[in-house]
Amino acid sequence: MPLALNPQLRRALAERVRYYHELGIYDFYQREPSPSTVTEHTSATDVVSSSESQLEVREEMSARKSAAVQTVAGESAFEILQPKPEYGVADPVAALKLIREDLGDCTRCKLHLQGRKQIVFGVGNPHADLMFVGEGPGADEDAQGEPFVGRAGQLLNNMIKAMGIRREDVYIANIVKCRPPGNRTPERDECETCSPFLMRQIAAIKPKVVVALGAVSAKNLLAISAPMSELRGRWYDFKPAGVRGDPSWPGARLAVTYHPAFLLRDPRQKGEAWKDLQMVMKYLGPESPKKPADEGPAT
Ligand code: SF4
């Protein structure tokens with residue numbers, strides 16, 4: 001049974017895990033917790049200090065020091081360590097189905113009470129080399145159950161087309177799967193609750209490249225808070241924590257660019273976004289992204 005920690009304890013533990021990641025330490029092992037060390041009544045300070053004795057840490061320094069391998073803000077150590085139904089399932093179609101079933105008619109965060117019509121899980125090629133991750137569904141997405149189908153979605157389609165590929169060749173998802181009311185920015189607790197499912201989707205698809213659309217997406221994927229000017233124009237190593245020991249996938253490279261909704265408001269930045277996409281195209285090369293096996297080349 002998963003351990004139920006209150007949000008304060010979970011945040012404290014997540015902060016400590018992030019701290020270790022900043023030191024280049026990614027692998028953690030859990031000893032059997034004694035009932036006296038982690039309880040509903042334990043303070044955050046107690047958990048942080050006890051986590052040092054709870055977690056055996058093995059150091060593995062990244063070969064690429066300039067790159068970042070981060071855990072998502074919402075991935076607490078206990079969530080990372082919990083086995084998921086799709087682990088060990090090699091077929092991404094089957095794995096995504098298991099993740100969707102596990103998500104169910106989700107009521108895990110307050111967004112389920114704030115007017116969502118439906119959960120917007122994600123769309124696209126489960127074998128994609130390229131994934132785009134936005135912030136959350138808007139009104140059109142909420143109505144249609146698909147990410148990026150409104151005006152911003154049209155612009156994203158044009159961006160994808162300009163890369164010489166098709167929308168159906170890539171996979172598109174969001175940090176949160178339910179529409180925040182009034183299209184507000186999803187709050188931290190909502191992102192922390194929902195994004196582990198996105199992490200599992202990424203781990204199931206195993207793309208070569210993830211493109212974070214906008215600062216909210218970048219911040220949640222990389223657990224970095226920085227202005228877009230600092231986040232863009234570089235690569236980050238990215239591998240969701242739950243599959244970090246999986247030798248069959250080295251992880252993805254992650255790039256950050258502007259959210260299409262921002263580009264609609266400030267079209268002068270389209271040139272900058274195009275530079276980001278060119279960086280992605282250069283890395284993927286002319287043979288990528290993968291096309292569905294039964295379809296011809298992109299037109
Ligand atoms: S946003 Fe995510 S965690 Fe929150 S209710 Fe929707 S699916 Fe569940």
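N183 is partly exposed, with a relative accessible area of 46%; here buried means under 20% relative accessible area, exposed over 50% and partly exposed in between, using a 1.4 Å probe on the protein chains only. Its place is in the loop between strand 5 (171–174) and helix 7, where helices (H or I, at least four residues) and strands (E, at least two) are DSSP runs numbered from the N terminus. The phi of N183 is near 60°, a positive value in a residue other than glycine.

Before going on, a word on the model. It is a predicted one, in which local features need pLDDT of at least 70 and side-chain atom pairs count only at pLDDT 80 or more, while totals for chains, interfaces and linings use all residues. Residues are numbered from 1 along each chain as its sequence is written, and side-chain values use heavy atoms, with hydrogens and water left out.

The protein has 11 helices and 8 strands. Of its 299 residues, 51% count as buried. Taking a contact as heavy atoms within 4.5 Å, residues 24 or more positions apart account for 77% of the contacts with a separation of 6 or more.

Now back to N183, which is also among the residues nearest the centre of the largest pocket, together with G136, A152, H259 and A261. A pocket is found on a 1 Å grid over the protein atoms alone, as an open set of points with protein on both sides within 12 Å along at least five of seven lines; a cavity is a set of points where a 1.4 Å probe fits but cannot get out, and lining residues have an atom within 4 Å of a point. Points are joined across faces, edges and corners, and a volume is the space filled by probe spheres set on them. Helix 5 (139–144), helix 6 (151–162), helix 8 (215–222) and helix 10 (260–265) each supply at least two residues of the pocket lining, and helix 10 gives the most, with 4 residues.

The structure also holds 3 cavities of 30 Å³ or more. Closest to the centre of the largest cavity are C106, C109, R116, C178 and C194. Helix 7 (residues 188–205) gives the most to this lining, with 3 residues.

Here are the two spaces, with Ala, Val, Leu, Ile, Met, Phe, Trp, Tyr, Cys and Pro counted as nonpolar, Asp, Glu, Lys and Arg as charged, and the others, Gly among them, as polar.

| Space | Volume | Lining residues | Classes in the lining |
|---|---|---|---|
| Largest cavity | about 110 Å³ | 15 residues | 9 nonpolar, 3 polar, 3 charged |
| Largest pocket | about 630 Å³ | 28 residues | 12 nonpolar, 10 polar, 6 charged |

Where does the ligand go? The space taken by the ligand is the largest cavity; a molecule sits in a cavity or pocket if more than half of its atoms lie within 2 Å of its grid points. Around the ligand are L103, C106, R108, C109, L111, H112, R116, K177, C178, T193 and C194, each with a heavy atom within 4 Å of it. This shell has 6 nonpolar, 2 polar and 3 charged residues.

Two further residues are worth a look. F148, in the loop between helix 5 and helix 6, has a positive phi of about 55° although it is not a glycine. F148 counts as buried because its relative accessibility is 5%. T257 lies in strand 8 (residues 252–257) and is buried, at 1% relative accessibility. Not counting residues up to four places away in sequence, T257 touches V211, A212, L213, G214, M228, R232, A273 and D276.
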